[in-house]
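Subject: Structure handover and findings

Hi,

Here is the structure I said I would pass on. Please open it alongside this note; my findings follow below.

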Amino acid sequence: MNPLSGQDEYETLETFFGNVDLSFAERLVCCCFHGCGPGRPPRNPLGLFKAFIVMRMKGVRSLREMARLLNVDPRLRKLCLIKGDEKGYPRSVLSRFTKRVGAERLKKIIEKKVVKLLKRNKAREVAAVLDASFIKAWSIRHPLNSRKGYSDREAKVGRTGRTYDLGYKLHLSIDSERRLPLASLVAPANQNEKKHSLTLLEKTKRILRKAGARLRSVIADSQYSSEKNRRAVDEAVIPYPANQKRGVKNILRVDKKFRTYGPEDQKRKYHKRPAVEAVFSFLKTQYSLAINKVRKLKNVAVYALYSILSLILTREAAEKIGRPDKATSPTYFNT
């Protein structure tokens, strides 16, 4: 089924793009292309940028499919700033655009948006939730080394739920109250959450400082239980696993059936942890994080950042039209 079929979804996308400010993003992506001089003039950088946002919001699975849609669909062409007599963006142009923009520029765009939204909501103290989610690699396991990929050597075998698979992990921190992504990074799936938690916390603190806010507490599951993580924040709402603090009472613990034990205030705060699960669900089901058709860590990171940016722009658009209640509704602009 064509993921872009129907009329109403174009109207919602027009409303979406009409209520987000992409001026900073336009300046950054335009820096990737020459403005004058010899050589073929570049295609519209902002139009290319919008094409990738549409891809993640509408579940277009590949650049080849997106290029085809841009050739045949007049309303989609208008959204992506393609003039009437121009050809659509070919696959090669779309591919080169991702390489030119890269992950670092996307991180700057996301950071700018997050700081702006935190300031608009007058956030002063934030309780951040940390977690990681699996992204399946577009590869099979290597026949001589089953721990890594065959066509994607950077993908590694790691835990996903109750089993193991080949892929990467998106490590994310969010604002527990607003379900707003704060900081992220992508790593091979075999690397433990603790290895990247301090880096994620430092990124979170830096973004909050720019917004004039502070990190009040960190909420995470027992995978993040370490003295380094607990010392890095004022309050760590992290349950101790069974092999830590044996015999010690009145500390936070969670059993195999996810029942919590310990001080009531810690239990109450820990119950905010499912907010990050909801964000991962939005990213995978509505913003195409589960669709991975690229190889290598840097490329997977770029597409994951486009998914995160789409979610953040949804909040900006919802607040702009006076419907903050739709800021956490991933289908409001995406149906």
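In which hand of crossing does H6 pass H11? The crossing is left-handed. By definition, that is the case if the near helix is turned anticlockwise from the far one by less than a right angle, and a crossing is right-handed if clockwise.

Some ground rules. This is a predicted model, where local features need pLDDT of at least 70 and side-chain atom pairs count only at pLDDT 80 or more, while totals for chains, interfaces and linings use all residues. Residues are numbered from 1 along each chain as its sequence is written, and side-chain values use heavy atoms, with hydrogens and water left out. Helices (H or I, at least four residues) and strands (E, at least two) are DSSP runs, numbered from the N terminus.

**Helix packing**

Helix H6 covers residues 91-120 and helix H11 covers residues 297-320. They pack at an angle of about 30 degrees, and their axes are 9 Å apart. The pair is therefore roughly parallel. The cut-offs: angles under 35 degrees count as roughly parallel, over 145 as roughly antiparallel, 65 to 115 as roughly perpendicular and the rest as oblique. Axes are lines fitted to C-alpha atoms, for helices over the stretch in contact, and angles run from 0 to 180 degrees between N-to-C directions.

The contact of H6 with H11 has 15 nonpolar, 2 polar and 7 charged residues. Here Ala, Val, Leu, Ile, Met, Phe, Trp, Tyr, Cys and Pro count as nonpolar, Asp, Glu, Lys and Arg as charged, and the others, Gly among them, as polar.

Ala 103 is in helix H6. Ala 103 is buried, at a relative accessible area of 18%. Buried means under 20% relative accessible area, exposed over 50%, partly exposed in between (1.4 Å probe, protein chains only).

H6 also meets helix H4, residues 63-72. Their axes come within 9 Å and cross at roughly 125 degrees. That makes H4 oblique to H6. This crossing is right-handed. Ser 95 is in helix H6. Ser 95 counts as partly exposed, at 21% relative accessibility.

**Aromatic pairs**

The whole structure holds 9 aromatic pairs. Rings of Phe, Tyr and Trp (its six-membered ring) pair if their centres lie within 6.5 Å; planes under 30 degrees apart count as stacked, over 60 as edge-to-face and the rest as tilted.

Phe 33 and Phe 97 are stacked, at 6.1 Å centre to centre and 15 degrees between the planes. This pair links distant parts of the chain, 64 residues apart. Phe 33 sits in the loop between helix H2 (23-30) and helix H3 (45-58), and Phe 97 sits in helix H6. Phe 33 is buried at 17% relative accessible area. Phe 97 is buried at 0%.

Phe 52 and Tyr 306 are also stacked, with 5.2 Å between centres and 15 degrees between the planes. Phe 52 is in helix H3 and Tyr 306 is in helix H11, 254 residues apart. Both are buried.

Ring pairs join Phe 33, Phe 49, Phe 52, Phe 97, Tyr 303 and Tyr 306 into a cluster.

**Charges over rings**

Lys 50 lies over the face of Phe 17, 5.1 Å from the ring centre. The charged end of Lys 112 sits over the ring of Phe 24, 5.1 Å from its centre. The test is NZ of Lys or CZ of Arg within 6 Å of the ring centre and within 35 degrees of the ring normal.

**Backbone points**

Asn 250 is not a glycine, yet has a positive phi of about 60 degrees. Asn 250 lies in the loop between strand E6 (236-237) and strand E7 (253-254). Asn 250 is exposed, at 62% relative accessibility.

Lys 296 has a positive phi of about 80 degrees, and is not a glycine either. Lys 296 is in the loop between helix H10 (274-285) and H11. Lys 296 is partly exposed, at 45% relative accessible area.

Best wishes
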